Amino acid sequence: VLGNLYDGRVQIVNELRGDNLAEPDNNNDYKAVYNRETTFFTGINGGIYTDFYYAIYRSNVVLGSFDLVDNLSSEDKNRISAEARFVRAVCHLGAVKIFAQPYGFTSDNSHLGIPLRLEASQDPLTRATVGDVYSAIIDDFSFAAENLPEINGPYATSDAAKAYLAHIHFL
């Protein structure tokens with residue numbers, strides 16, 4: 001799911017919302033994003049919104065299912081937890097940047113952000129404040145930075161988590 005999100009769709013939506021691009025003339029979804037006339041029900045946005053929360057849900061399922069696995073070492077549990085929290089943080093960050101006013105829009109970041117999902121549940125949630133969302137993201141990336149290995153094959157590493165933390169501090 002995360003690979004599908006960052007196959008270009010998230011990047012396109014972010015570019016369309018910037019000020020260094022001419023108005024698209026051939027795609028209604030892109031034009032709606034460019035003109036800020038869209039909701040998360042619009043094709044490209046709806047897919048992005050849904051995919052962010054699919055990945056978050058799956059990460060939360062992993063985090064809540066360790067008791068179902070026998071003979072899992074504490075080292076593996078920490079690494080898997082860190083990988084799941086990394087994915088959850090990437091998705092919360094991507095969603096809040098697209099579907100909320102930016103960090104700093106209000107002086108205390110009390111403006112509404114996105115639903116903050118920290119458990120595997122499909123119950124409707126109200127939108128959390130942007131400040132609360134960013135606190136959860138920083139907490140997840142900090143955990144990931146401390147518990148991911150430096151080399152982890154195709155999976156997240158401690159340096160990747162640290163890079164995201166640096167990115168957040170530059171926002």
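Where is the place of S59? I looked this up in the model, which is a predicted one, and found S59 in helix α4.

**Entry 1: confidence**

Before reading side chains I checked the confidence, and the protein chain averages a pLDDT of 90, with 94% of the residues scoring at least 70. Confidence is lowest in helix α3 (residues 28-34), where the mean is 76, and highest in helix α6 (residues 130-147), where the mean is 98.

**Entry 2: S59**

I noted a relative accessible area of 5% for S59, which therefore counts as buried, the limit being under 20%. Once neighbours within four places in sequence are set aside, S59 is in contact with A84, V87 and R88. The side chain of S59 also reaches the backbone oxygen of A84, at 3.3 Å. I then took the C-alpha to C-alpha distance from S59 to L148, which came to 15 Å for two residues that are 89 apart in sequence.

**Entry 3: R88**

R88 has a relative accessibility of 7% and so counts as buried. Not counting residues up to four places away in sequence, I listed I56, S59, N60, L63, R117, L118 and D140 as the residues that R88 touches.

**Entry 4: aromatic pairs**

How many aromatic pairs does the count come to? I recorded six by the rule applied here. One of them joins Y49 and F99 in an edge-to-face arrangement, with 5.2 Å from centre to centre and 90° between the planes. Because Y49 lies in helix α4 (residues 43-63) and F99 in helix α5, this pair ties together parts that are 50 residues apart in sequence. Y49 itself counts as buried, at 18% relative accessibility.

I next looked at F86 and Y164, whose ring centres are 5.6 Å apart and whose planes stand at 80°, so that this pair too is edge-to-face. The pair links distant parts of the chain, since F86 is in helix α5 and Y164 in helix α7 (residues 158-169), 78 residues apart.

**Entry 5: a charge and a ring**

Last, I looked up R85, which lies over the face of F143 at 4.3 Å from the ring centre.

Methods:
Residues are numbered from 1 along each chain as its sequence is written. Side-chain values use heavy atoms; hydrogens and water are left out. Buried means under 20% relative accessible area, exposed over 50%, partly exposed in between (1.4 Å probe, protein chains only). Contact means heavy atoms within 4.5 Å. Rings of Phe, Tyr and Trp (its six-membered ring) pair if their centres lie within 6.5 Å; planes under 30 degrees apart count as stacked, over 60 as edge-to-face and the rest as tilted. Helices (H or I, at least four residues) and strands (E, at least two) are DSSP runs, numbered from the N terminus. A charge sits over a ring if NZ of Lys or CZ of Arg is within 6 Å of the ring centre and within 35 degrees of the ring normal. pLDDT is the predictor's confidence in each residue, from 0 to 100. A polar contact is a pair of N or O atoms within 3.5 Å; within protein, one must be able to donate a hydrogen and the other to accept it, and residues adjacent in sequence count only if both atoms are side-chain atoms.
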